[in-house]
Amino acid sequence: MSKHLFASEKVMEDYLSALLTEDPIPQPQVSTAPEKPKTIAVKVAEKLHDSEPENPVAKLFEEAKNRQYEQDFDVVEKVPAPAPVVAPKVNVDTLTKPVVNTKLATQTVSHEPPKKVTPPEPYRVGDFQALYFEVAGLILAVPLTELGGIHNLEKMNSLFGKPNWFLGVMVHRKQKLNVVDTARWVMPDKYDAKLEESLNYRYLIMLGDSGWGLACESLVNTITLKQSDVKWRQSEGKRPWLAGLVKEKMCALLNVEQLIDLLEQGLGS
């Protein structure tokens, strides 16, 4: 018996050593019956059976091999087949209909034009020069950057249907200039027959590139002003043509752009 056990141990040792060093065993050809993987016990039993067919230990391994094979085959038979993969149903109608974002569709679209950002006037940055001129004892100032020119007041042609502050049209070098009765336009509440009779207009102060000019009696002087020399208008009011007040002379500084707009509309001060 010891001889057989020694032989069995020898076979086991040789087999385990072969598992670590031998090359991969070529795969047998595919047969009709499924071939199950052999366990180590089955492989050892085969070795023992080939070497000693009549060995009782080999017989035990043979029985163990058969039982193991039956168990393995039974387990394989009981493994359920995988469930078939069913492709999701595709609604053909959804492929042709456009996708509508209901959140965006419910939003109200604003058709208001963007607000126009008006850049500040050139004389609102740093020092600037202004011209003082006089009308009926009132001193007015206009920034030189907004001054379109100065002309001697000449003969004018009156037009019907114009406001009472419209003196007429003066032709200068084939250009028609609209002359404004400055005293009547600026201070209509103080304008009376006595003031009208005392007026002696001699010059025409042109406003920017427009065809409008303010009649004045005399030109005072030109002065350089700092931003701090003017009490600037902070908000819109009844007199949009007023840019501010020059503190030293307490005179009105004209907002030429607003003044032109009022004249174009035929409005007074």
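Trp212 is a buried residue, with a relative accessible area of 8%; buried here means under 20% relative accessible area, calculated with a 1.4 Å probe on protein chains only. The model is a predicted one, in which local features need pLDDT of at least 70 and side-chain atom pairs count only at pLDDT 80 or more, while totals for chains, interfaces and linings use all residues. Residues are numbered from 1 along each chain as its sequence is written, and side-chain values use heavy atoms, leaving out hydrogens and water.

Rings of Phe, Tyr and Trp (its six-membered ring) pair if their centres lie within 6.5 Å, and they count as stacked with planes under 30 degrees apart, edge-to-face over 60 and tilted for the rest. The count comes to six aromatic pairs by this rule. One of them is stacked: Tyr123 and Trp232 are 6.1 Å apart centre to centre, with 20 degrees between the planes. This pair links distant parts of the chain, 109 residues apart, with Tyr123 in the loop between helix H5 (102-105) and strand S1 (128-135) and Trp232 in strand S9 (residues 230-232). Helices (H or I, at least four residues) and strands (E, at least two) are DSSP runs numbered from the N terminus. Tyr123 is buried at 3% relative accessibility, and Trp232 is buried at 11%.

Trp212 returns in a tilted pair with Trp165, at 6.2 Å centre to centre and 50 degrees between the planes. Trp165, too, is buried, with a relative accessible area of 6%.

Ring pairs also join Tyr123, Phe128 and Trp232 into a cluster.

Technical notes. Buried means under 20% relative accessible area, exposed over 50%, partly exposed in between (1.4 Å probe, protein chains only).
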